[in-house]
Amino acid sequence: MLKAVRNDREIAGIHAAMQRDGVALVKFLKWLEEAVPAGNETEISVDKKLHEFRAAQPLYMGESFDTIAGYKEHGAIVHYEATPETDVPLKPEGFLLLDSGAQYLDGTTDITRTIALGELTEEEKTDYTLIHGKDISTLPWLSSRKVREERNWMYWPACRYGSTT
């Protein structure tokens, strides 16, 4: 039970770690916006670059888990990890899923971001809206069979990727 309740010092540490991690993430996103159109970045290279930005922050101890940097279809693979065989170049189009975290001396971070690298197709916009929009399954009025069937039909296009997360 002691681990479930944070004291004021722990809470302050987590907030400070999140702020430092936020600085690293903003620097990374600025870099990414400029780097992708140049055409030299891949899933693995952006993972390494994010690590560099985090490592430059005070009290950085390491990654809290292996980063998931999945471009396009790879973003739908649960716990995807790019390897030299699966690594793909990033283009200024489509989505990059970034799931990563850092361990700082005073706290741990865990962030997930879906980043549009440029123009999106109508299909990508629709899928994003269905998956990342308001989670309608949590609404209490969605209890009738008819509504559940309609909800499942709405999510069907996104299911072609094998995951709705």
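## Overall fold

Helices here are DSSP runs of H or I with at least four residues, strands are runs of E with at least two, and both are numbered from the N terminus. On that basis the protein chain has four helices and six strands. Along the sequence they follow the pattern α-α-β-β-β-β-β-β-α-α. This is a predicted model: local features need pLDDT of at least 70, side-chain atom pairs count only at pLDDT 80 or more, and totals for chains, interfaces and linings use all residues. Residues are numbered from 1 along each chain as its sequence is written, and side-chain values use heavy atoms, with hydrogens and water left out.

Of the 165 residues in the protein chain, 35% are buried. Buried means under 20% relative accessible area, exposed means over 50%, and partly exposed lies in between (1.4 Å probe, protein chains only). The accessible surface of the protein chain comes to about 10600 Å². Carbon and sulfur atoms hold 57% of that surface. Areas come from the Shrake-Rupley method with a 1.4 Å probe; for residues, only the protein chains shown count as cover.

A contact means heavy atoms within 4.5 Å. Take the contacts in the protein chain between residues at least 6 apart in sequence: 67% of them join residues at least 24 apart.

Strands of a sheet pair through backbone hydrogen bonds, either parallel or antiparallel. Here, two strands count as paired if DSSP finds at least two bridges between them.

Strand 1 and strand 4 are joined by three bridges in the antiparallel sense. Glu-63 has Ala-102 in strand 4 as its bridge partner.

## Helices on the sheet

Helix 2 has 13 residues and reaches 19 Å from its first C-alpha to its last. That is close to the expected 18 Å, where the expected span is 1.5 Å times one less than the number of residues. Its buried residues are Glu-43, Ser-45, Val-46, Leu-50, Phe-53 and Arg-54. Their cover includes helix 1, strand 1, strand 2 (68–71), strand 3 (95–100), strand 4 and strand 6 (111–116).

## Ala-102

Ala-102 lies in strand 4. It is buried, with a relative accessible area of 0%. Leaving aside neighbours within four places in sequence, Ala-102 is in contact with Asp-21, Arg-54, Tyr-60, Gly-62, Glu-63, Ser-64, Gly-107, Thr-108 and Thr-109. The C-alpha atoms of Ala-102 and Ala-17 are 8.7 Å apart, although 85 residues separate them along the chain.

## Aromatic pairs

A pair of aromatic rings is described by the distance of the centres and the angle of the planes. Rings of Phe, Tyr and Trp (its six-membered ring) pair if their centres lie within 6.5 Å; planes under 30 degrees apart count as stacked, over 60 as edge-to-face and the rest as tilted. The count by this rule is three aromatic pairs. One of them is Phe-28 with Trp-31, a tilted pair at 5.8 Å centre to centre and 35° between the planes. Both residues lie in helix 1 (residues 8–35), three residues apart, about one turn of the helix. Phe-28 is buried at 0% relative accessibility. Trp-31 is buried at 18%.

The ring centres of Tyr-60 and Tyr-104 are 5.8 Å apart and their planes stand at 70°, so this pair is edge-to-face. The pair links distant parts of the chain, 44 residues apart. Tyr-60 sits in strand 1 (residues 60–63) and Tyr-104 in strand 4 (residues 102–104). Tyr-60 counts as buried at 16% relative accessibility, and Tyr-104 counts as buried at 0%.

## Positive phi in a loop

Most residues other than glycine have a negative phi. Lys-72 has a positive phi, near 50°. It lies in the loop between strand 2 and strand 3 and is partly exposed, at 31% relative accessible area.

His-79 is found in the loop between strand 2 and strand 3. Its phi is positive too, near 60°. His-79 counts as exposed, at 69% relative accessibility.
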